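Q: I have a model open and would like to go through some of its packing. Can we take it piece by piece?

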Amino acid sequence: MHGINSVLAFIIVLGVLIFVHELGHFLLAKAFGVRVLKFSLGFGNKLVARQWGETEYLISAFPLGGYVKMYGEHQEEEVRPEDRHRSFSHKAVWQRFSIVFGGPLFNLLFAVALFFAMFMFAGIPEPIDSTRIGEVAAGSPADQAGLKTGDVIRSINAASVTSWVQVSERIQDSGGEAVTLVVDRQGQELTCTAKPTMQKVKNLFGEEVGERYMLGITRSSDFTYRAASFGESCEAALWQTWNLGYLTVMGIVKMIQRVIPASELGGPIRIAEIAGERMEAGWLNLLYFMGLLSVNLGILNLLPVPVLDGGHLVFLSLEAVRRRPLSDRAMEISQKAGIAILGTLMVFVFYNDILRLVKRWLIS
């Protein structure tokens, strides 16, 4: 059943995100009067094709992507003089730039729209500041003292605590001396003694940012939903998209700096697994995951890699500066390099996905 959910969720999520991306190119092209010949979800052999107006709409065999084919898309294409006003390559640089940028832009706007709908109808999630333990690290002082996930810390060294900040401060102020904790475990009051140890503090990307005394416990991730107005939902959706975009960019930077191992990269199989898990957890979780992926897709497509939208934007920027397009030879070489880079990356993420599955199978 989980496998069926994963496949179904993968088709829904990827299909919607590809459609939104290509719709951005399509609508901007139409807005500037460019004739769109094909609008395809997927690559390769056509499975379904319908001609509406001057555009052929397709669903193609290979689902990991899509494309919008425009009239006069390449400089070498023959364009009749009377049709130049409908040709992509004969449009002003800023118009072509806008059409190419439309795909990533629509992915980012779609994420904003998704988050807005979630916040407007479900409310804005806010963490519950409690002293409930969310996780106990194996072999840590807390684990050795018998603390367990779900325990609620009532006091430390006879001083009452009502927030996780107070828990952290009491442990830090211990100076490494043993502390006595009174916890509530399913209505039963227990007393535990643990000796904090100096441990390295790491940020979201796993970088060491300091040291402090800790027991090896983390706070519970419990949260509640707060009803929000239209304006609050808009603001929260914009901030959510901005923060996810920032984390995506920083994640790429940290991967280049080798702070985050390349083995963390996941491909279609990993996306399908996570999508299936989110679908089983509820549609709200699936929508959030779709918003996260939409931000990722928008940002990654802006990378200056030939074949990606970001590579085309670089070429158009150079054309604007040089007052003439790059030579066909330069374009051909860069496109081949881009295909090689993307092909290598695709093989690598598939390798990571398969390796995860094999390790999981061996462990089980």
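Q: What covers the buried residues of α4?
A: This is a predicted model. In it, the cover over the buried residues of α4 includes β4 (133–136), β5 (152–156), β10 (208–214) and β11 (217–219).

Q: And which residues of α4 are the buried ones?
A: Helix α4 runs over residues 164–173, and its buried residues are Trp164, Val167 and Ile171. They sit on the same side of α4, because they cover an arc of only 55° around the axis.

Q: What's exposed on the other side of α4?
A: Val165 and Asp173 are exposed there.

Q: Which residue has a positive phi just after α4?
A: Gly175, with a phi of about 65°. A positive phi also turns up after α5, where Arg258 has a value near 65°.

Q: OK, α5 then. How many residues does α5 have, and what does it reach from first C-alpha to last?
A: α5 has 27 residues and reaches 39 Å, close to the 39 Å expected at 1.5 Å a residue.

Q: What do the buried residues of α5 pack against?
A: They pack against α2, β3 (124–127) and α7 (283–300). Among the buried residues of α5 are Ser233, Ala236, Ala237, Gln240, Leu244 and Thr248.

Q: Take Ser233. Why does it count as buried?
A: Ser233 counts as buried because its relative accessibility is 0%. Leaving aside neighbours within four places in sequence, Ser233 is in contact with Phe116, Phe119, Met120 and Ala228.

Q: And Thr248, what does that touch?
A: Not counting residues up to four places away in sequence, Thr248 touches Val295, Asn296 and Ile299. Thr248 is in helix α5 too, and is buried with a relative accessible area of 11%.

Q: Switching to aromatics. How many aromatic pairs are there in the whole structure?
A: A search finds 12. In one of them, the rings of Phe32 and Trp94 have centres 5.3 Å apart and planes at 90°, so that pair is edge-to-face.

Q: Where do Phe32 and Trp94 lie?
A: Phe32 is in the loop between α1 (2–31) and β1 (36–52), and Trp94 is in helix α2 (residues 93–122), so the pair ties together parts that are 62 residues apart in sequence.

Q: What about Phe116 and Phe230, what sort of aromatic pair do they form?
A: Phe116 and Phe230 are edge-to-face, 5.1 Å centre to centre with 70° between the planes. Phe116 lies in helix α2 and Phe230 in helix α5, so this pair ties together parts that are 114 residues apart in sequence. Phe230 counts as exposed, at 53% relative accessibility.

Q: Which residues do ring pairs link into a cluster?
A: Phe19, Phe26, Phe39, Trp52 and Tyr57.

Q: Phe39, then. Which strand is it in, and what is it in contact with?
A: Phe39 is in strand β1. Leaving aside neighbours within four places in sequence, its contacts are Phe19, Glu22, Leu23, Phe26, Thr55, Glu56, Tyr57, Leu58, Tyr67 and Val68. At 5% relative accessibility, Phe39 counts as buried.

Q: Which residue lies over the face of Tyr71?
A: Arg35, at 4.7 Å from the ring centre.

Q: Last topic, strands. What is the order in the open sheet of 4 strands?
A: The order is β6-β5-β7-β8, with antiparallel pairing. β6 (159–160) and β8 (188–194) stand at the edges, each with a single partner strand, so one side of each has no neighbour in the sheet.

Q: How many bridges are there between β5 and β6?
A: β5 and β6 pair over 2 bridges, in the antiparallel sense. Ile156 stands opposite Ala159 in β6.

Notes:
Residues numbered from 1 in each chain as written. Predicted model: local features only at pLDDT ≥ 70, side-chain atom pairs only at ≥ 80, totals over all residues. Heavy atoms only, no water. Buried < 20%, exposed > 50% of the residue type's maximum accessible area, 1.4 Å probe, protein only. Arc of directions from axis to C-beta. Contact = heavy atoms within 4.5 Å. Phe/Tyr/Trp six-rings, centres within 6.5 Å; stacked < 30°, edge-to-face > 60°. Lys NZ or Arg CZ within 6 Å of the ring centre and 35° of its normal. Expected span 1.5 Å × (residues − 1). Pairing = 2+ DSSP bridges.
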